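User: I am new to this structure and would like to go through it by question and answer. Please show it first.

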Amino acid sequence: MEAIVQSEAAECGLACLAMVAAHHGNRIGLRELRRRYPLSLKGASLAQVMDIAGQMGFMCRPLRLDLEHLKELQLPCILHWNLNHFVVLSRVRRRDVIVFDPSLGKRVLPLADFSRHFTGIALELSPGADMRPSAPPAAVTVSQLTGRVIGLWRGLGLVLLLSLALQVFVLLAPFFMQWIVDHVLIAADSDLLTVLGVGFGLALLLQIGISMVRGWAVIHLSSRLGLQWTGNVFSHLIRLPLEFYEKRHLGDITSRMGSVQAIQRTLTTSFVEALIDGLMAVVTLGMMLLYSWKLALVTLLAVGLYSITRALAFRALRNGTEQQLMAAAHQQSHLLESIRGIQSIKVAGRESLRRSGYYNLMNETVNRDIWLARFGLAFGSTSQVIFGLERIAVIWIGAALAIQNVFSVGMLIAYLAYKDQFAQRIGGLVDKWVEFRMLRLHGERLSDIVLAEPEACDAGAGAQGLPPDVRIEVDGLGFRYASGEPWVLRNCSMTIEPGESVAIVGASGCGKTTLVKLLLGLLTPTEGKIRVGGEPLDKIGMERYRRIVGAVMQDDQLFAGSINDNISFEDEGVDEGRVHAAAKLAAVHDDIAAMPMGYHSLIGDMGTTLSGGQKQRVILARALYRQPRLLFLDEATSHLDVERERLVNDAVRQLDLTRVIIAHRPETIASADRVLVMHEGAIMRELRSSAPQDEGRHVVGEMPA
């Protein structure tokens, strides 16, 4: 049985189903299961796992059992783990059990450790009549992983030609020793010695020159391809929908991005070296056979034994490498989360808890590193034993042949040089074969990013242009994060006229923010339609649509850089006048002017040098800088005092645009033309608002509980 590692934070149930299905011959794969049965970040209950298993063709039998009844289970089966996780139980032995954990890989646990995690609930899965064996999904190609790369084959061809030129000198080198021993020393010919020394010295200089040119070519090719590949993958990553990021840990995404460098190294330097090693192995083997087939047979036996040992050790090496990558990703996620939430950690006084958690994760990563290092050391020692014994045998037999005058001493020395070259090349070729097989591991990890469907930023040639008006129509809108999840929105309908200001109010958790995300195209409706200017939102194209949209969301972020950079959002043709005008509308201009460097003041990482109210107003200025026709404000003034909130509301009210406002504060609600009351995911009623604040307060009082 082979472990399948989850990519999303809460898809352990799907990963377990994929492992059990593969055991029964249905190699559907986690990626296809994720596409057919998407889950939310909340994960899946046992009932949902059973429902998906039934649709896959399994017959399910949930059980509650004690530890002593484990051996009676039909294996492999799914276990409920740590009250919030699923694993696959593969084997039960007298003192330990083997489980496949989607977050950690294969684990061998003593019964005492197993008991601490197992909740007592198991799910037996038997293939039903509807289940059919299926082939594994098609392997991910390099072009899918890296996108279009310019200059790859031309660069590889140049490196290959230079490498071939270097091998000519490698082949000639053994003849130098053979001629010296067999001709110069025996005949005491100093003139021949001078000629050979000068000739091979010039050849050495030429070899060094070609080697330097090849090194420069490899460096240039690697750096250029690295830039292109990483840029291609990041370009795809940044276009993925919001839900992709919400379902994954940040450290895991960065770890998968790191696989680009591993693929790049393998496909540039290692690829060329593999070709050269293969060619040189054939040439040097031919030279060895010309000298003595008996000695060549000894070397071939040693190389065969080395190859078999390497092949047998591959699965353990792959599993160890995969576990090391996962451990490093968990450690990275913990580090990034701790840095990002340092304020909360300090307020709660939990530094020691986070420190101990990080220390445990770091120990796990180091233990995986040590295991890989020990594995490499053990394998290196085995390799030294094999080729050390082979060298002793070759020298022994070769010396016997020289005594019998079958070989000259120079021929024996030359043969040993060719033999060493052959063993080195074949060993390198086997290592490259293992490296190329390991490439699949990195490819599978990276494929989670590159094969994810990007957001439909532009619907292409058939996309509609920007509508002449921005009338928003919501018809029967419904949304939930996954099948089986409760509906966040259901039967939600409303109309917002161009230039109108609409406030959406309701109790926390009724779906207001989700509705705004749907109107912004950040989420895809489960049912119903959103039309802008009479055109369906998905037909307009997100790239075109977002040119006319400005938004301030509750969890919006600022970026490291200056205030000017953040308001203009690093616009290439930044308009300083528009920046200042937007800041004045957001009532933050005076705050910025009082800073030592004005609009060029640096705000630190994610705006750490600004107060909460200043951050919110800079984000509002960023939205207004775009000069939008549609402005969405989700609690955009919640951190402001009453006076500044009034200034912002008055300034925004004067703009010729359509406003959709989510707010709880009476002053902001009173600034709207209409108030829509939302309850349990639907617009329940409409109220007319007026400017006086007492009427705004009256509206809030009429909101449903």
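User: Leaving aside its neighbours within four places in sequence, with which residues is Asp 634 in contact?

Analyst: This is a predicted model, and the answer rests on its computed coordinates. Asp 634 has its place in strand E13, which covers residues 630-634. With neighbours within four places in sequence left aside, the residues in contact with Asp 634 are Thr 513, Val 552, Met 553, Gln 554 and Ile 662.

User: Which side chain of opposite charge is nearest to Asp 634, and how far away is it?

Analyst: Asp 634 is buried yet has no salt bridge. A salt bridge requires a side-chain nitrogen of Lys or Arg within 4 Å of a carboxyl oxygen of Asp or Glu. The nearest side chain of opposite charge lies 7.1 Å away and belongs to Lys 512.

User: What is the length of the polar contact that joins the side chains of Asp 634 and Gln 554?

Analyst: The side chain of Asp 634 takes part in a polar contact of 2.8 Å with that of Thr 513. A polar contact also joins the side chains of Asp 634 and Gln 554, and its length is 3.1 Å.

User: Why is helix H16 described as largely enclosed by the rest of the structure?

Analyst: Helix H16 spans residues 512-519. Its buried residues are Lys 512, Thr 514, Leu 515, Val 516, Lys 517, Leu 518 and Leu 519.

User: Which residue just after H16 takes a positive phi?

Analyst: The phi in question is about 80°. Just after H16, the residue that takes this positive value is Gly 521.

User: Is Trp 396 buried or exposed?

Analyst: Trp 396 lies in helix H14, residues 351-403. Together with Val 385, Leu 389, Ile 392 and Ile 397, Trp 396 makes a nonpolar surface patch of about 550 Å². Its relative accessible area is 65%, and a residue over 50% counts as exposed. Trp 396 is therefore exposed.

User: What distance separates the C-alpha atoms of Asn 367 and Ala 327?

Analyst: Asn 367 is also found in helix H14, and it is partly exposed, with a relative accessible area of 46%. Along the chain, Asn 367 and Ala 327 are 40 residues apart. Their C-alpha atoms are separated by 9.4 Å.

User: How many helices and strands does the protein chain have?

Analyst: The protein chain has 705 residues, of which 46% count as buried. Among its contacts between residues at least 6 apart in sequence, 75% join residues at least 24 apart. The chain has 25 helices and 16 strands.

Conventions
Residues numbered from 1 in each chain as written. Predicted model: local features only at pLDDT ≥ 70, side-chain atom pairs only at ≥ 80, totals over all residues. Heavy atoms only, no water. Patch = residues over 30% accessible without salt bridge, like charges linked within 9 Å, V, L, I, M, F, W, Y side chains within 5 Å. Areas by Shrake-Rupley, 256 points an atom, 1.4 Å probe, with all protein chains shown as cover. Helix = DSSP H or I, 4+ residues; strand = E, 2+ residues; numbered from the N terminus. Buried < 20%, exposed > 50% of the residue type's maximum accessible area, 1.4 Å probe, protein only. Lys, Arg positive; Asp, Glu negative; His and termini not counted. Polar contact = N/O pair within 3.5 Å; in protein donor to acceptor, adjacent residues only side chain to side chain. Contact = heavy atoms within 4.5 Å.
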